[in-house]
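Good morning, and thank you for making time for this presentation. Please look at the sequence and the model as I show them.

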Amino acid sequence: MVFSVQQLYRKIVREWIIIAVILLPCIGLLAAQPQWRLDQIIYDKLMPIVSPPVDSRILLVKIDDASLSALGRWPWPRDVHTKLLDKLAELEPQAVLYDVIFTEPDSRPEVDERLGAAMERIGTVVVPTVRAPRPTAEGQPYFIPPIPSVAAGARGIGHNYIAADADGVVRRLYLREGSAVSQLNQLTWQAYAATFPSYQQPVMPDICCMSNLGANWFGWNELYIPYSGANPRIGNVSVIDVLNDNVDADELQNKIILVGATASGLGNRYPLASSEGAIPGIVAHGNLLNSLLNQHLIKSMPTWLNVLISMGTVLIVLGLFLTLRLRHTFLVCLAFIFLRLVLSLSLLAMGWWSAPGASLIGIALAYMFWSWRRLNTVATYFGLELDRMAQELKSHVAPKAQPKPPFNGDELLRRALALEAMIRHVRGSRRFIAQSLDSLPLSVFVTDLDGQVLLANLSANTLQAKYGRGDRTLIGKNVFQVLKELEAPQTAARISHRNAWSDDERDFQRLPGQVLLTGSGRSFKVQLAPLDTEESEPTGWLVGLLEITVERLAEEQRDSMLRFLSHDLRAPQSAILALLAMQDRTEEPLSNDELHRQIEQQVRRTQSLTDDFMLLDAAKSKQQIFEEVLLAAVVMDAVDQAWPLAQHKNIRISQHFLDDEACVIDGVPELLTRAIFNLLENAIKYSGPGTAVHLQLSLEADEAVLTIRDEGQGISAEDLSYLFDEFRQFGKGNARGEGYGLGMAFVNSVIQRHEARIDCVSEPDVGTTFTLAFRIN
């Protein structure tokens, strides 16, 4: 036994090595992917802890709601901007980031010249530009430069794009963007560079690597933005206060001034991950400028290094799992998760972001696999012992007394093994019985004396799941309720006698021989057998459902053929014989032309009746080849056939197709066309001149739904119950149909062959609506 356990342990070690070999590359691959949701959440939680202090030199001059109220609607006249710049020039700012787009000239050139001159007087103004909506003729995207006077007066021009991550939150930007032939620095970097003399410009950090942003647009030098919050701690004043000299000049002197919109509905706003909402674009520029001034640039850790850290963390945890006790492994996981987060926070404080998500997932997977293999050790041991005992139990079919397996170890284990042997034996016997029942071709329900289902085979469960309208779990339900749910509602309403499951009495003695019809037209004959003990005491019932669908259909076809031959097909022939007999006996016989016309009419009636009957028989039983059918095309074919009839009665056919290209079904085009034509023909036949027939084809969920609505005489509630019966005509008096009662039966047969649904709603003297629902591919 000791040797066997050692073998199991060595097997676990081998399997664990395989798991490690598979797990570590997966973690490395995960760590090499772009930042995903878990990493974003962790970054959003850690970033506020290490955000740099706000540089006192930064000042926001806000275009806020108060300024709009005082100066008027946006955009302001450019002389307002000129006046503001002149006010700022008096304060000798280190740099001015003026986040307003000036790409279109004013109608008065002198206004633009004054604006450019005001910028030139300050000397350190930087302005933004925008990307052209369409590329050049060569297919290259480009920036639209500011108007010439602004471009000449500004110290620098930069882009102000800040793209959002997949979750809509802004965390990163590129210090340089553009096409392969033309790029611009970020607007905030231009403002930062403007604080330095022209001969001592800062060097942009070289951060790997170029990113393809799509549409021949690229980004360089990616940085994370260390936000100081949506409610900025950066100093700020209103534009109107600056223009009205309501701000102490000492508060504005020698500042780095950022002018931009913060008013509601004006300018860009960037959402934050915190509950503080979104911040205006000028505040985002202020946060980035603050990180530049504090030399706290957060860069993404090189991919290879992040992969190495993630794989190394997981490898250390795996190594500790092999040496520590089981109760210590969970604490080790918690400790390493904490240490990995501390490492990310430390690197973040030093300006590097190392995404820890892959490490955390790897630790969790390592713990899960290790726990699984530890538990599997015990399970394998039990399995070996149980296999040995199975040799003694496999010859027993019925449950017998529990054999006692030879075991000289712990008493508790001996009892556990003995119990396990007995349970396996019982389960095996029950499985044998269940499989035997499942292999039977008929549906079987085993019930107690009250009809509660104790056991049901596979055929019974499949039948109930497909046609039942209640809970699909048969165990515990009453067999009479199950039969009632299986029975088609229209069958219960039309049969002349009451089935045993239709009454509250629920007498088992009435069940044998009764026929159950399901909603799909399948027929089952109920069989019953009592169950008892060895002492002949009744314990329950065995109820079986033997399918007789083929036999019933054959009988119905025989009856239909006999009725067709004996009555419907015979009637026109009898009319011809009566006409000939009357011709011989009457004193004023019909003319030869009239006699020929009436005989031809009866012969054509016979031919039409025969064609309809054969078509109905083909729809019912003939093997058909199903193919992909565009339902809209079938409907159009049927409309084309019905159009002459509608024109003759001055009836308009309106069509409204929605998502018709998606309405593709498996079907037989000829049968579908004839069925839809029958419905259109009836709609035209029973509608008055000047009315309309409306067709609508739409896609609803996974079904193509065709609706045909007329404005005719309608169908009475009494006739609706027999709408699809063969040789049935509807209407009264002159409004009664002139056909043979096979059209609607044909429609119903086609719908059933296509496993579709047909519903009819009608109101006398208002109209009738047929709804056909087909399952799409």
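What separates Trp189 and Tyr192 in helix 7? Trp189 and Tyr192 are 3 residues apart in that helix and so are separated by about one helical turn. An α-helix has 3.6 residues a turn, so residues three or four places apart point the same way.

Before I continue, some conventions. This is a predicted model, in which local features need pLDDT of at least 70 and side-chain atom pairs count only at pLDDT 80 or more, while totals for chains, interfaces and linings use all residues. Residues are numbered from 1 along each chain as its sequence is written, and side-chain values use heavy atoms, with hydrogens and water left out.

The protein has 24 helices and 27 strands; these are DSSP runs numbered from the N terminus, helices being H or I of at least four residues and strands E of at least two. Of its 777 residues, 43% are buried. Buried means under 20% relative accessible area, exposed over 50%, and partly exposed in between, with a 1.4 Å probe and protein chains only. Residues 24 or more positions apart account for 69% of the contacts with a separation of 6 or more, a contact being heavy atoms within 4.5 Å.

I turn to the aromatic residues. The whole structure holds 15 aromatic pairs. Rings of Phe, Tyr and Trp (its six-membered ring) pair if their centres lie within 6.5 Å; planes under 30 degrees apart count as stacked, over 60 as edge-to-face and the rest as tilted. Tyr43 and Tyr224 form a tilted pair, 5.0 Å centre to centre with 45° between the planes. Because Tyr43 lies in helix 2 and Tyr224 in strand 9, this pair ties together parts that are 181 residues apart in sequence. Both Tyr43 and Tyr224 are buried. Trp189 and Tyr192 also make a tilted pair, at 5.3 Å and 50°. Trp189 is buried at a relative accessible area of 5%, and Tyr192 is buried at 6%. Elsewhere, ring pairs link Trp16, Phe321, Phe330, Tyr367 and Trp370 into a cluster.

Next, Gln186. This residue is in the loop between strand 7 and helix 7, and Gln186 is buried, with a relative accessible area of 0%. A polar atom of the Gln186 side chain lies 2.6 Å from the backbone nitrogen of Thr188. Not counting residues up to four places away in sequence, Gln186 touches several residues, including His159, Tyr174 and His285.

UniProt, in an unreviewed entry, places the feature "transmembrane region" at residues 12-32, 303-322 and 329-347. Such annotations may be inferred rather than shown by experiment; the positions follow the numbering used here, and feature names are shortened. In the model, residues 303-322 are 100% helix, with end C-alpha atoms 29 Å apart. Residues 329-347 are likewise 100% helix, and their end C-alpha atoms are 27 Å apart.

Finally, the backbone. Most residues other than glycine have a negative phi, and most peptide bonds are trans. The peptide bond from Trp74 to Pro75 is cis, with omega near 5°, and Pro75 lies in the loop between helix 3 and helix 4. Asn216 has a positive phi of about 60° and is partly exposed, at 41%. Asp765 has a phi near 65° and is exposed, at 70%.

Key
A polar contact is a pair of N or O atoms within 3.5 Å; within protein, one must be able to donate a hydrogen and the other to accept it, and residues adjacent in sequence count only if both atoms are side-chain atoms.
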